[in-house]
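I set down here, in order, what I looked up in this structure. I began with a single residue and then turned to the whole chain.

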Amino acid sequence: MQSVVWSARSVRLFIGFLGLTVPLALWLGRYVFEGKGLEDSISAYYYSPSVRPLFVALIVALGVMLVYYQYKTADNLVSLAAGLAAVGVALFPTLPDPPFDPWQNSVSLAHYIFAAVFFISLAVIVLCLFTRTKSTKTPLAVPFEQTRTSLANASGRLKWARVEGALRPPAGRYPQGPASAGSAAATGGANTMTKNKQRRNLIYDLCGAVIVLCLVLIALRGLFHIAVPLPFHHEAFWLESIALWAFGAAWIVKGELIPGLKG
């Protein structure tokens, strides 16, 4: 049993470090081998002659590890979707510089679909799955209740009491806070949440919110061509990188690498 737990922890840490490494490795590789700066997006590194193998290897490795990850039913399904989408991102490249033909347009459309599924899956994993307690690790049959709980927790931290009350699932079914003395006695303490778990959930909420915000900004600029003023150039690259770093940080925390957040 111990080896299974260690395996899941090891995979989490590997996924987390890959998420943190991808943007930096691509930027550094292109700078070292080509003497050039940033590309417009992470996907654009596919067309960098010296970095293309590294881009494909890192993204496919991330996808394979997400597919390999095994925990609960919901985690397995969502990580499978994220992993397959990551492999699709690597194998179906984005549009090259003009001119390009209709076939490349079709391939690029598949790339954008895979990328959207990938980032949405990352947000679901961090916001809806990592935030559960032992008493809420239920099958994927109740994703809406889990999502409501995550949103209610975030609203509570923002002091939005009415929003939190409206979102909170029925008491006792998805307990998320420390139980009262009476309820703890009735349940044997099974529904309590430790202080460290609350801290981890706060990190998951923040990381998930960053992923969602980056995804929204990417969609506004890339799909709807809405100008969103940002304090940096190569906007897509930085937004994708920030989302991957938030994703990686959440998996590092989930992998119990930080001693002060265990338990």
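**Entry 1: one residue.** I looked up Ser 121 and found that it is buried, because its relative accessible area is 7% (buried means under 20%, exposed over 50%, partly exposed in between, with a 1.4 Å probe and protein chains only). Ser 121 is found in helix H4, residues 102–129 (helices are DSSP runs of H or I of at least four residues, strands are runs of E of at least two, and both are numbered from the N terminus). Leaving aside residues up to four places away in sequence, I found that Ser 121 touches Val 78, Ala 81 and Ala 82 (a contact means heavy atoms within 4.5 Å). Val 78 lies 43 residues from Ser 121 along the chain, and their C-alpha atoms are separated by 6.2 Å.

**Entry 2: basis of the values.** I noted that the model is predicted, that local features need pLDDT of at least 70 and side-chain atom pairs pLDDT 80 or more, and that totals for chains, interfaces and linings use all residues. Residues are numbered from 1 along each chain as its sequence is written, and side-chain values use heavy atoms, with hydrogens and water left out.

**Entry 3: confidence.** I found an average pLDDT of 82 for the protein, with 83% of the residues scoring at least 70 (pLDDT is the predictor's confidence in each residue, from 0 to 100). Where pLDDT is low, the predicted coordinates should not be read in detail.

**Entry 4: the whole chain.** I looked up the secondary structure and found nine helices and zero strands. Of the 263 residues, 41% count as buried. Of the contacts with a separation of 6 or more, 64% come from residues 24 or more positions apart.

**Entry 5: an open question.** Which element gives the largest share of the lining of the largest pocket? I found that H4 does, with six residues. The lining has 33 residues in total, and Ser 41, Thr 94, Tyr 112, Ala 236 and Glu 240 lie nearest the centre of the pocket (on a 1 Å grid over the protein atoms alone, a pocket is an open set of points where a 1.4 Å probe fits, with protein on both sides within 12 Å along at least five of seven lines, and lining residues have an atom within 4 Å of a point).
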